[in-house]
Amino acid sequence: MRRRVGMLVLAGLLLVGLVPAPADAYANAFFPTQSSGNRGADVTAIQYLLQHHGQSVPADGVFGASTVTAVKAFQTAKGLGADGIAGPQTWGALVPLIRLGDSGAAVRALQVELNAKRRLNLAVDGVYSQAVKDAVTSFQTHAGIGADGITGPITWKNLAWHYDYPDFSANLCDKDPDGNGTTANWATAAAIAQLERATRSFASTNQGPVPYGDASFEHGGDIPGHGSHEVGLDIDLWPIRTDNAQCTGSRITWQSATYDRAATRQLVQAIRAAAPGHVRFIFFNDPTLISEGLTTHEANHDNHLHVRYCEKVHPHGSYSC
């Protein structure tokens, strides 16, 4: 997997005549495929972009039946394969060129993406104000692309690809088992939103918050202590304890006396329910949960759950559903 990422980056350098790109340029950026069952900022952006093109769809951040219908209608109007899946071609047809002074649903899509990917608090009012232009220029500088404050196809692609950061008020606590700190908390917009949906649902059981370990770095790539976690679709969580002290007590395994199998089962079920069709596997070595088809055995996964999300189409086959 790492070898393939390296080849993609090298290809990006070859295209510019072997002149190294800026450190934050995303040579491997792509429009993330979103489909039925996905959630998050990218879905909300797609919904606003569909509105921009005259489709009637709520911008609720959930890729449900109405969004599938709207995507199919848009694809038909544009002469694309009408499968209801928003892949790179559909994204490419959706995104317009917008700039200072513009207004409407496409600007709302941009504001949603900037807020999620750059941790901002722009009003989602559909007005391309000076504040929005400044945020776009800052992102373009961050991404190593032309910093003119105008949002065109290259900016849209890099922004849609950029990872999101979790909201720890969503019944999560931040843990750092591998010394990567908060720099390893990033993941795709869909992975973040789907996990937050699950942990908010788990909060209703009153069994404490869910410990959040490593996900990915802000722009992916090799991450110390892990053989994967490079593309924003892997997130580590800790199992639940019988005393609900998983965020304050010591880290446990499924064999520990304080391990709460029933609560951990509820967490796994919530994760799967929040992302139908988009959980490739959950590594965790509790034999009972494995026998129930909820988790999968993998070496060195006695003390944490490794959730791998997937998309209908992904450049890396290990992350395709």
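Predicted model: local features only at pLDDT ≥ 70, side-chain atom pairs only at ≥ 80, totals over all residues.

Biologist: How many disulfides does a search of the whole structure find?

Modeller: Two disulfides turn up in that search. One joins cysteine 173 to cysteine 247, with an S to S distance of 1.8 Å. The other is formed by cysteine 310 and cysteine 321, whose sulfur atoms are 2.1 Å apart.

Biologist: Where in the chain do cysteine 173 and cysteine 247 sit?

Modeller: Cysteine 173 is in strand 1 (residues 172–174), and cysteine 247 is in the loop between strand 3 (234–237) and helix 9 (261–274).

Biologist: OK, switching to strands. What does strand 5 pair with?

Modeller: Strand 5 (residues 305–309) pairs with strand 4 in the antiparallel sense, over four bridges. Strand 3 also runs antiparallel to strand 5, and four bridges join them.

Biologist: Which residues stand opposite arginine 308?

Modeller: From strand 4's side, phenylalanine 281 stands opposite arginine 308. Aspartate 234, which is found in strand 3, also stands opposite arginine 308.

Biologist: Why call strand 4 enclosed?

Modeller: Four of the five residues of strand 4 (residues 279–283) are buried, so the strand is largely enclosed by the rest of the structure.

Biologist: Which way do the residues of strand 3 point?

Modeller: Asp234 and Asp236 point one way, while Ile235 and Leu237 point the other way, and all are buried. In a regular strand, side chains alternate between the two faces of the sheet.

Biologist: Tell me about aspartate 234, then. What is it in contact with?

Modeller: Setting aside neighbours within four places in sequence, aspartate 234 is in contact with Asp214, Ala215, Ser228, His229, His306, Val307, Arg308 and Tyr319. At 0% relative accessibility, aspartate 234 counts as buried. Aspartate 234 and histidine 306 are 72 residues apart in sequence, yet their C-alpha atoms are 6.8 Å apart in space.

Biologist: New topic. What does UniProt list for "Peptidoglycan binding-like"?

Modeller: An unreviewed UniProt entry lists that domain at residues 39–94 and 103–157. In the model, residues 39–94 are 57% helix and 0% strand, with the end C-alpha atoms 18 Å apart. Residues 103–157 are 60% helix and 0% strand, and their end C-alpha atoms lie 20 Å apart.

Biologist: Which residues of helix 3 are buried?

Modeller: Thr67, Val68, Ala70, Val71, Phe74 and Gln75 are the buried residues of helix 3. They cover an arc of only 165° around the axis, which puts them on the same side of helix 3. Ala65, Thr69, Thr76 and Ala77 are exposed on the other side. The buried residues pack against helix 2 (41–52) and helix 4 (88–94).

Biologist: And which ones are buried in helix 6?

Modeller: In helix 6, the buried residues are Val132, Ala135, Val136, Phe139, Gln140, His142 and Ala143. Seen down the axis of helix 6, they fall within an arc of 160°, so they line one face of the helix. What covers them includes helix 5 (105–118) and helix 7 (153–161).

Biologist: What follows each of those helices?

Modeller: Helix 3 is followed by glycine 79, with a positive phi near 75°. Helix 6 is followed by glycine 144, whose phi is positive, near 75°.

How values were computed
Residues numbered from 1 in each chain as written. Heavy atoms only, no water. UniProt positions renumbered as here; feature names shortened; annotations may be inferred. Helix = DSSP H or I, 4+ residues; strand = E, 2+ residues; numbered from the N terminus. Buried < 20%, exposed > 50% of the residue type's maximum accessible area, 1.4 Å probe, protein only. Pairing = 2+ DSSP bridges. Arc of directions from axis to C-beta. Contact = heavy atoms within 4.5 Å. Disulfide = S-S within 2.5 Å.
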